[in-house]
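Hello,

Here is the structure I promised to pass on to you.

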Amino acid sequence: MAEIIIKTENLSYVYSAGTPYEHRAIDNINIEIEKGSFVGLIGHTGSGKSTLIQHLNGLIKPTSGKVFVGGENLWANPKDIRKFRFKVGLVFQYPEHQLFEETVRKDIAFGPKNMGLSDEEIEERVLEAAKHTGLTADYLEKSPFELSGGEKRRVAIAGVLAMKPEVLILDEPTAGLDPKGREFILSEIKAYHENTGATVILVSHSMEDVARFASHVLIMNHSKAVMYGETREIFKRVDELCEMGLEVPQISRVFAKLREKGCEVPESVLTVAEAKDAVLKLLEKGGKDNA
Amino acid sequence: MLKDITFGQYFPGDSIIHRLDPRMKLILIVAYIVLLFVADGLFSLLIGAGMGVIFYALSKLPWKLVIKCIKPIMPIIIFTAVLNIFFVEGEPLFEWKFISISEKGVLTAVLMCIRIICLIAGSSLLTYTTTPIALTDGLERLMKPLQKIKVPVHELSMMMTIALRFIPTLIDETQKIMAAQKARGADMESGNVIQKAKALIPILIPLFVSAFRRADELALAMECRCYHGGEGRTRMKQLKLSGKDFGAALFVAIGFAAIILMNMFGPEVFRL
Ligand SMILES: Nc1ncnc2c1ncn2[C@@H]1O[C@H](COP(=O)(O)OP(=O)(O)O)[C@@H](O)[C@H]1O
Ligand SMILES: [Mg+2]
């Protein structure tokens, strides 16, 4: 079995405890994430996704339960919590709202600077992160405030990539972008995952995106982690997902219906390419039967 | 930290206190504060405190909220108490070297503490049980006569409404930005004063940018809905005084009378 990079034990968190607004945002979460996997985190708005991921780099202290990163208990020594922020990079939802420096270069350098790296190392990382996010050299001297929304977001993501985190977590990184911008960001994340071998957790609303990129899927519903497993296995459970009101990838739905109608197609079809193969195979077989 | 500030926060409910007319609540809270200062002895002040307790009980809010609103001003209360105990002169009760504590000092301290606690708890109850919108609405109506002397009452109350409406939003925003910068390793706790001030820059700049953006959007949205100030504007929710409002007024009036009577005819002990 592969090495476990992130593990939670009975993790729970309650917002505004002791007031009428008390709310249990995550409830008894137990997950183990393997090193190098690409996890898609899916759930309705308010199901506790953002709250969960903020536990993984120690931004939120659990109400109860434990978080382990690389086998170390995050809150064993609260003074050391900052080191986990560099290990587990977190890109918030709408990260473009966090930009503050005069130039894009300085803003990307904020994280590495906080790590206490040397100037050369910082420069090197800024350039690398900029390359990863498709920001060319002429962007680096611009003010982040004069960029377009999509460009700002790329700068913000570069700011986290520059810390070279072992685990990269992104909270709905494509929210509010046009299809081209979405595609661009997703492919950059995929490339980062493949080039560096980092573990990636992608919070997303789009089943299609998760089906295409993720090796594992974690489903949250009403503050609980209801399913966790390999993407294929999860998307086989079409009925359960639909019951929770979650969208299943179109292709999976079509094939579930086909199987219902008695066609012999494989259970786990996720992408259009796989669907094509399955349909062709079926047709071939059907042709033979008729002959 | 930020989220522990409860002053100005509304706690929804359906108690009789929640349903009182905001104008009446505003007038009564002013009367209550005056009454706290009219009370000149322990017994009359206890009547005032008792009224506060009854109001809280009627509001059906958790008692924890009282403690929560007192907590932030605890240093002020302690400071006042210490100041009064040591520096009010009178018949010494206790003497040691240059320190002398008088009976009058202790009494003043106790009365001041009760007064401050009642004052804060009372005004907190007002905001706990009244939505900011209802509150500014009530204020606007009460200040209406000032329009005669060219005070821009409507504009002032609109400004207040907007400010109150955006306080939680901005607190929320601040927390999000802080979390985002912490995720990039920003260190806000350690270092000397200058380093700490510098650490605020990554938070303040995005906060201002977003506040200006919100203001812009809001102005545009208001214009799109043809907002043009207070002239000729009618209201969706008409405020109307009802039986319970007069009941509440009567209750406070009786309390007021009781305190004045206690001041005049009550026992002569524990008086200032
Ligand atoms: N700062 C906060 N204070 C109080 N409640 C919060 C806060 N942040 C989130 N919540 C509540 O916790 C629940 C989970 O929120 P969140 O983790 O943001 O969900 P998701 O990211 O899945 O949409 C929601 O019901 C939300 O209202
Ligand atoms: Mg979220």
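Let me start with A:Glu172, which is buried, with a relative accessible area of 11%. Buried here means under 20% relative accessible area, exposed means over 50%, and partly exposed is in between (1.4 Å probe, protein chains only). Accessible areas come from the Shrake-Rupley method with that 1.4 Å probe, and for residues only the protein chains shown count as cover. A:Glu172 is not a glycine, yet its phi is positive, at about 40°. Its place is the loop between strand S8 (167-171) and helix H7 (179-196) of chain A. Helices (H or I, at least four residues) and strands (E, at least two) are DSSP runs, numbered from the N terminus.

Some housekeeping before the rest. This is a predicted model, in which local features need pLDDT of at least 70 and side-chain atom pairs count only at pLDDT 80 or more, while totals for chains, interfaces and linings use all residues. Residues are numbered from 1 along each chain as its sequence is written, chains are lettered from A and ligands numbered from 1 in the order in which they are written, and side-chain values use heavy atoms, with hydrogens and water left out.

A:Asn10 also has a positive phi without being a glycine, near 45°. This residue sits in strand S1 (residues 4-15) of chain A and is partly exposed, with a relative accessible area of 42%.

Now to the ligand. Which residues are around ligand 1? They are A:Tyr15, A:His23, A:Ala25, A:His44, A:Thr45, A:Gly46, A:Ser47, A:Gly48, A:Lys49, A:Ser50 and A:Thr51, where a residue counts if one of its heavy atoms lies within 4 Å. By class, this shell has two nonpolar, eight polar and one charged residues. Strand S2 (23-29) and helix H1 (49-56) of chain A each supply at least two residues of the shell, and H1(A) gives the largest share, three residues.

Oxygen atoms of ligand 1 lie 2.5 Å from a side-chain N or O atom of A:Thr51, 3.2 Å from a polar side-chain atom of A:His23 and 3.3 Å from a polar backbone atom of A:Ser47. On its own, ligand 1 has 560 Å² of accessible area, and the protein covers 65% of it.

B:Thr136, in helix H7 (residues 132-143) of chain B, is buried at a relative accessible area of 2%. By contrast, B:Glu95 counts as exposed, at 58% relative accessibility, and lies in strand S1 (residues 92-96) of chain B.

Best wishes

Key. A polar contact is a pair of N or O atoms within 3.5 Å; within protein, one must be able to donate a hydrogen and the other to accept it, and residues adjacent in sequence count only if both atoms are side-chain atoms. Ala, Val, Leu, Ile, Met, Phe, Trp, Tyr, Cys and Pro count as nonpolar, Asp, Glu, Lys and Arg as charged, and the others, Gly among them, as polar.
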